[in-house]
Amino acid sequence: MIFNLEIKFEQLPPNVADDIRTGEIYYSLFDTIIFWVNKKNFFEHANGIPEEVMGGSSISSDGLAIPIYGFIQTVINDLDDIGKEKTIIIYEDQIDKEIVVEASGENVILAIRYCLSNYWYDGESVKESLEIPISSVNTIPITVFKEGMIEGIRTYFESLLQQFPELKKVNKFVELYKKVKK
């Protein structure tokens, strides 16, 4: 199985280094994430989902628009807990979705949940359930999932560094980057 995280640059504020330094980055840096499972876009079936089912924040076949810096921090900080019979919930209060990663044996189950309901997007469709649904595309081996997440974050950080070399002087950024750097 192949799993990759892609972070698409949407709008980068020209003062990204200052925003990270001051903490304003949580509000100014929105990007779109895509999970690639066996080279297929996890979000390919997400177009046309009614707002009353999955809320108003952006989920489509283009991916999930999310405050990216908080997402990255949560993933990096919780990475060691993934697979330890613990459910990881990546939630940003600026959007109405949660990314849920639940351990199941040697795998993780990945789904997007609308915070105000029991509706889940599992890579195939939206389902109403009290528990995370399992589909043919959302069950991923733990090591493959972790490696794909780290590689996606590393690639994103390296792209940021190319555009904003001044980030090498921002301790908060450097600390996160060291955790994913080879």
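Which residues in α4 meet which residues in α5?

Reply: A caution first: this is a predicted model. On the α4 side, the residues are Ile 68, Phe 71, Ile 72, Val 75 and Ile 76. On the α5 side, they are Met 149, Ile 153, Tyr 156 and Phe 157. By class, this contact has nine nonpolar residues, with no polar and no charged ones.

Now the geometry. Two packed helices are described by the angle between their axes and by the distance between those axes. Helix α4 spans residues 68-78, and helix α5 spans residues 142-163. Their axes come within 11 Å. They cross at roughly 140 degrees. Angles over 145 degrees would count as roughly antiparallel. The pair α4 and α5 is therefore oblique. The crossing of α4 and α5 is left-handed.

α4 also packs against helix α6, residues 171-180. Here the angle is about 45 degrees, and the axes are 11 Å apart. Angles under 35 degrees count as roughly parallel, and 65 to 115 as roughly perpendicular. α4 and α6 are therefore oblique to each other. Their crossing is left-handed. From α4, the contact takes Tyr 69, Gln 73, Ile 76 and Asn 77. From α6, it takes Lys 172, Phe 173, Leu 176, Lys 179 and Val 180.

Beyond its neighbours within four places in sequence, Arg 154 is in contact with Val 180, Lys 181 and Lys 182.

Asn 138 sits in the loop between β10 (126-128) and β11 (139-141). Asn 138 is buried, with a relative accessible area of 0%. Its side chain makes polar contacts with backbone atoms. A polar atom of that side chain lies 2.8 Å from the backbone oxygen of Pro 133. The side chain of Asn 138 also reaches the backbone nitrogen of Ser 135, at 2.7 Å. Leaving aside neighbours within four places in sequence, Asn 138 is in contact with Phe 42, Val 108, Ile 109, Leu 110, Ala 111, Asp 122 and Pro 133.

Definitions and conventions: Residues are numbered from 1 along each chain as its sequence is written. This is a predicted model: local features need pLDDT of at least 70, side-chain atom pairs count only at pLDDT 80 or more; totals for chains, interfaces and linings use all residues. Side-chain values use heavy atoms; hydrogens and water are left out. Axes are lines fitted to C-alpha atoms, for helices over the stretch in contact, and angles run from 0 to 180 degrees between N-to-C directions. Helices (H or I, at least four residues) and strands (E, at least two) are DSSP runs, numbered from the N terminus. A crossing is left-handed if the near helix is turned anticlockwise from the far one by less than a right angle, and right-handed if clockwise. Contact means heavy atoms within 4.5 Å. Ala, Val, Leu, Ile, Met, Phe, Trp, Tyr, Cys and Pro count as nonpolar, Asp, Glu, Lys and Arg as charged, and the others, Gly among them, as polar. Buried means under 20% relative accessible area, exposed over 50%, partly exposed in between (1.4 Å probe, protein chains only). A polar contact is a pair of N or O atoms within 3.5 Å; within protein, one must be able to donate a hydrogen and the other to accept it, and residues adjacent in sequence count only if both atoms are side-chain atoms.
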